[in-house]
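My entries follow in the order in which I looked.

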Amino acid sequence: MQEKRKRLTNRKIGKIALLAILIGGAILGVADLSERFRHLDLPPAPPAGWGAYGGDAGGNRFSRAAQITADNVRYLRAAWRYSTGDLQRRPEGIANSGFEATPILVEGSLILCTPFNEVIALDPGTGQQKWRFDPALRADLQPASAFVCRGVSHWRDADAKRAAANCGARILTGTLDGRVIALDARTGRRCRGFGNQGEVRIDPGRSLEWGGELGITSAPAIIGDTVIVGTAISDNRRIHAPLGTVRAFDVRSGAMRWEFDPVPQTPQDSRAESWPTPLPGAGHGNVWSTISVDPSRDLVFLPTSSPAVDFYGGDRPGDNHDTSAIVALRASTGERVWSFQTVHHNLWDYDVAGQPGLYRIRYRGQMRDVVVSATKTGMLFVLDRDTGKPVFPVVERPAPQFGVPGEKPSATQPFAPKPGMLVNAELRPENAFGLTPFDRGKCREKIAALRNDGIFTLPTLQGSLQFPFGGGGANWGSTAYHPAENVVIVNVNNLAASLTLRRREDKHRLKAEIPTGQEIYEMADTPYVATRALLVSPLGVPCNPPPWGELIAVDMGSGAIKWRSKLGSTRDIAPLGIKLDWGVPNVGGPIATAGGLVFIAAAVDDYLRAFDIKTGKELWKGRLTAGGQATPMTYSWKGRQYVVVAAGGNARSRTRLGDQVIAFALP
């Protein structure tokens, strides 16, 4: 669910998977569609394409395709299927993978990446393979967390004559071993003039413990003739870890244009004021998720993570500005323009995991260009795009104090009263959930034993409640925006975890003492090691009441929650196919369409679903051959609208594994 090695192990997710042991025809015409959207000042976009990982460069995840509507969605059927072949070719890798890719439609092809960084071009109408590129990852590569590639990006030369030439249109992709590769978009062949024979290798800045400790899992950002990448890094290993540097390269030559490190490394850096003196030399604060760009403003928007290490910050007193934040940079120079921090002095693994949404909303009767960020804390921040100042109010509230010796937490933390918490962040013993009185009693005991001061409960030696857990709240699935309805759509998890610090001298006793299913985090260079596990009953059921997964619509005009719906059932995680529509954990994100629909897979059952954008009612679900832990996309091709999703499952979520891309369409 998270990006890095700190995420849940298969065994822990397996406990989630046991949570339920007992347990048509009208088509909106193009003329009507144009009239419906005439009053809106929409950004320019192809009528029904999907040219970037997030639909467009700002992550709107909205399509004007409107052939599929609330009236006819029930007739959707699988139109074609494509198999990457990885299930047979890479069985060991598949066992540690997540097929999280969202294809893009460019240059007459549907183009995607596999978990092993192969890039594939398909015919949009038939799913037939047109070309395939293999970056030749080392056979013994161990990635930072798992084999994952969420997407690729497209660039086309602004000069029409050059655009028609070889590599005048390019696919840019990152790899798990830290390379940026440029391919000809029409043939899949390397663009030899880019870097060294078509690739640039990232310099980690510090020595790596192993080759896969730093890699790229999200689609590069493209703005003008610049390609920008962040990195995924295995963390919670040590303070002096690899740096979370963001890098920009010339899209033609691969030459470095600028670098930006969210963690200041010199005392001359103006941002060093929110860090101790001397600087601790901490690493990370990396951007592992998707970057957004606004070409008209020459701005790049970074979602940054926590500094190393997550659960102890005694070496880094202060707010640690620019980490756990949305940071706006000048695209042409890398200069920092503004920064908004969502968590001060992060001690909870509450990265900004989702792509910042660059939306044009209607608020208080005016159109506003904003940045929207749904975070792991279950909060939704709406910021002015030019200044980073909150559009929806943000207040600083007193935060819990007195954690472990050496820790100096922030006195306050930011909260967004509008729309308020998207998740329930309060769990008391009397609210414990269980399938039987015994089950519920054990959960009550577990909750009562933990320190529990609310959402920002500090990590302690006693053991602390983390709710929501480090996977969110909202995660990398990000948000979608429907301009006609003026709503933001986001999916969330409602799961609690226990987080415990232990003195380093007690480390040798951990494996014998801690319950099965907990992870141990080394946190070298600190006085502590950490353990974390989902809070579940003896039957493997979450100790907090359902729903454990929800889909939510937030009205951008008022800041209020318009509707919330349970997302997913227990059919594929309970024995005998027992189906309870309680809402289940989810990995992936939503998209919205002009046909009045929200499409989402994500839930740990094997379905792609469609919801009514106005009411949140589930209208349709299509069976998948494997888990759909990816964000879908949609497009129109030769008069027919398709909805496409990667159905390959996610090993960390213990969903059914596979290697298919499936397209749905009306008969």
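I began with Phe 456, which is buried at a relative accessible area of 3%; buried means under 20% relative accessible area, exposed over 50% and partly exposed in between, with a 1.4 Å probe and protein chains only. I note that this is a predicted model, in which local features need pLDDT of at least 70 and side-chain atom pairs count only at pLDDT 80 or more, while totals for chains, interfaces and linings use all residues. Residues are numbered from 1 along each chain as its sequence is written, and side-chain values use heavy atoms, with hydrogens and water left out.

Next I counted ring pairs and found 16 aromatic pairs, taking rings of Phe, Tyr and Trp (its six-membered ring) as paired if their centres lie within 6.5 Å, with planes under 30 degrees apart called stacked, over 60 edge-to-face and the rest tilted. Phe 340 belongs to strand E22 (residues 336-341) and Phe 381 to strand E25 (residues 380-384), 41 residues apart; helices (H or I, at least four residues) and strands (E, at least two) are DSSP runs numbered from the N terminus. Both Phe 340 and Phe 381 are buried.

For Trp 348 and Phe 456 I read centres 5.1 Å apart and planes at 65°, so the pair is edge-to-face. Trp 348 sits in the loop between E22 and strand E23 (357-363) and Phe 456 in the loop between helix H6 (437-449) and strand E28 (464-466), so the pair ties together parts that are 108 residues apart in sequence. Trp 348 counts as buried, at 3% relative accessibility, and I found one aromatic cluster formed by Trp 348, Tyr 350, Phe 415 and Phe 456.

I then turned to Gly 559, in the loop between strand E34 (549-555) and strand E35 (561-566). Gly 559 counts as buried, at 3% relative accessibility. Neighbours within four places in sequence aside, Gly 559 is in contact (heavy atoms within 4.5 Å) with Phe 392, Lys 418, Pro 419 and Val 554. Gly 559 and Leu 380 lie 179 residues apart in sequence, but their C-alpha atoms are 9.6 Å apart in space.

Which spots of the backbone have a positive phi without being a glycine? I noted His 284, with a phi of about 65°, in the loop between strand E18 (256-260) and strand E19 (292-294), and Lys 638, with a phi of about 55°, in the loop between strand E40 (633-637) and strand E41 (640-647). His 284 is buried, with a relative accessible area of 1%, whereas Lys 638 counts as exposed at 77% relative accessibility.

Finally I looked for cis peptide bonds. One joins Ala 308 and Val 309, with omega about -5°, and Val 309 lies in the loop between strand E20 (299-303) and strand E21 (325-330). Another joins Gly 472 and Gly 473, with omega about 25°, and Gly 473 lies in the loop between E28 and strand E29 (479-482).
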